[in-house]
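Visitor: I've got a model open and I'd like to learn how to read its contacts. Can you walk me through a few?

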Amino acid sequence: MRGQPTVLHLDMDAFYASVEQAAKPSLRGKPVIVGGLGPRGVVATASYEARRFGVHSAMPMAQARRLSPHAAFLVPRFQVYRAISETVMGLLAELSPLVEPLSLDEAFVDLAAGGTAASAEEARRTGERLRAGIREATGVTGSVGLAGSKMLAKIASEQAKPDGLVLIRPGTERELLAPMPVRTLPGVGPATAEVLRRAGITTVGETVQAGEAELLRLLGKAHGASLYLMARGVDERPVVADRDTKSVSVEDTFDVDVTDRARIRFEVAGLADRCTRRLRAAGRSGRTVVLKVRRYDFTTLTRSETLRGPTDDPEVVQEAARRLLEGVDTTEGVRLLGVGVSGLADFTQEDLFAQALQSSRAPEQPAAEPSPGGAPAPRTAPRATDWLPGLDVTHERFGPGWVQGSGVGRVTVRFERPDSPPGRVRTFLVDDPELTGGEPLPLVERAAPAGGGSQADSVSSGPSRGTSRP
């Protein structure tokens, strides 16, 4: 334990939902729920306004709709969240070389390693500067906890939510922790909490009173000893800057069980391609390809194949995933598919045999035939399912906006910017040629270069096929 509160924990406030509220003025102060919108979707993040109705992360989306039917339900825009996360992590890196990211919106920082906090007062000032810098740079807020250990810093940031700062001075840990539920401690999940409850232990203070010997008897040597230290506020875990990623994976859950074998092969190929894109973006390669299949009855199968060397080639990963799929029976339906790569490395050693095998095969899907006269075939008309709530769009006449909903051959768009008042709503046919997918607008306006203007400010005028409503 440290003698000064130099461990900082940052947790962005309802991150995905807060980003959407910052991007969409009409949603500010209203319940917003981000996640999968299908029958089997789950909540990724709920705004604080939605949490008042009992909505929380990992809740089935169907249940969230029952609890908060008037909320805005949006699909995630991960490219936006990642960009904001990179900005936030950059601000943390300015404080210390020891930054331990836990997710896109959460990280520990060792302020002592950066020389930015030698006392409690300096730590508090550093935390307040960080919060102000995040708001200025991103337009969203984060909560900060400061303490002498990682466990207590995380507890402090939870107490600070939303948009606050809590500092726990060393020496006050036992008094602070005593009345808290035992689930507050790291490593205490539902099973451990139930074992302790049966023994009459429900709070952290009661855990300390039970004594180490009783905890060892109830939970075993390793878990019991660790829990006893945590309950007394002792946490010696260091802030680790480089957390080694063990694998990269992607998966999709289907609204309706998939039984068509050709469709399953197609989905696996797409997952393999997405997985290798993530692999390359991280500058990594891997030698073990993993296929995950969750069947109609919720049984989950995993199959893996180890290559002769690490690769980041999508064709190699696709071929391995196809081979793994051949050994799985999917005739009664599949509800989830996933493809991952493990055994990561920082270099590639291509599996030339697999590449040669792939390239020697005829393509499974022929390329689109050109239209008469050699011109490219026309683009398939958009469907209502292409216009998902929350996605960015742009209209040749009305400029940038976002999809509020679609159905019955129409799409409803609200036209507004992060720095504008709530915008007007207009409805178009889903195949309106003037309506296309758009790029996310910055949440915080930057100073425009001299003599230049923002590309987003330039829109052409023309006739509209849309009908407006207030």
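Visitor: Which backbone oxygen does the side chain of T126 reach?

Guide: This is a predicted model, so treat each distance as computed. For a polar contact, look for an N or O pair within 3.5 Å. Here the T126 side chain gets to the backbone oxygen of T116, at 2.8 Å.

Visitor: Is T126 buried or exposed?

Guide: Under 20% relative accessible area counts as buried. T126 comes in at 1%, so it's buried. Leaving out residues up to four places away in sequence, T126 touches L95, L111 and T116.

Visitor: T126 sits in helix α6. How does α4 pack against α6?

Guide: Start with the angle and the axis distance. For α4 and α6 (residues 120-138), those are about 150° and 10 Å. Angles over 145 degrees count as roughly antiparallel, and that's why α4 is roughly antiparallel to α6. Their crossing is right-handed.

Visitor: Which residues meet there?

Guide: From α4 you have I84, T87, V88, L91, L92 and L95; from α6, T126, L130, G133, I134, A137 and T138. By class, that contact has eight nonpolar, four polar and no charged residues.

Visitor: And at what angle do α1 and α4 pack?

Guide: Helix α1 (residues 15-23) meets α4 (residues 78-95) at about 100°, with the axes 11 Å apart. Since 65 to 115 degrees counts as roughly perpendicular, α1 and α4 are therefore roughly perpendicular. F15, Y16, V19 and E20 of α1 touch F78, V80, Y81, I84 and S85 of α4. That contact splits into seven nonpolar, one polar and one charged residue.

Notes. Residues numbered from 1 in each chain as written. Predicted model: local features only at pLDDT ≥ 70, side-chain atom pairs only at ≥ 80, totals over all residues. Heavy atoms only, no water. Axes fitted to C-alpha atoms, helices over the stretch in contact; angles between N-to-C directions. Helix = DSSP H or I, 4+ residues; strand = E, 2+ residues; numbered from the N terminus. Parallel < 35°, antiparallel > 145°, perpendicular 65-115°, else oblique. Contact = heavy atoms within 4.5 Å. Nonpolar A, V, L, I, M, F, W, Y, C, P; charged D, E, K, R; others polar. Left-handed = near helix turned anticlockwise from the far one by under 90°. Buried < 20%, exposed > 50% of the residue type's maximum accessible area, 1.4 Å probe, protein only. Polar contact = N/O pair within 3.5 Å; in protein donor to acceptor, adjacent residues only side chain to side chain.
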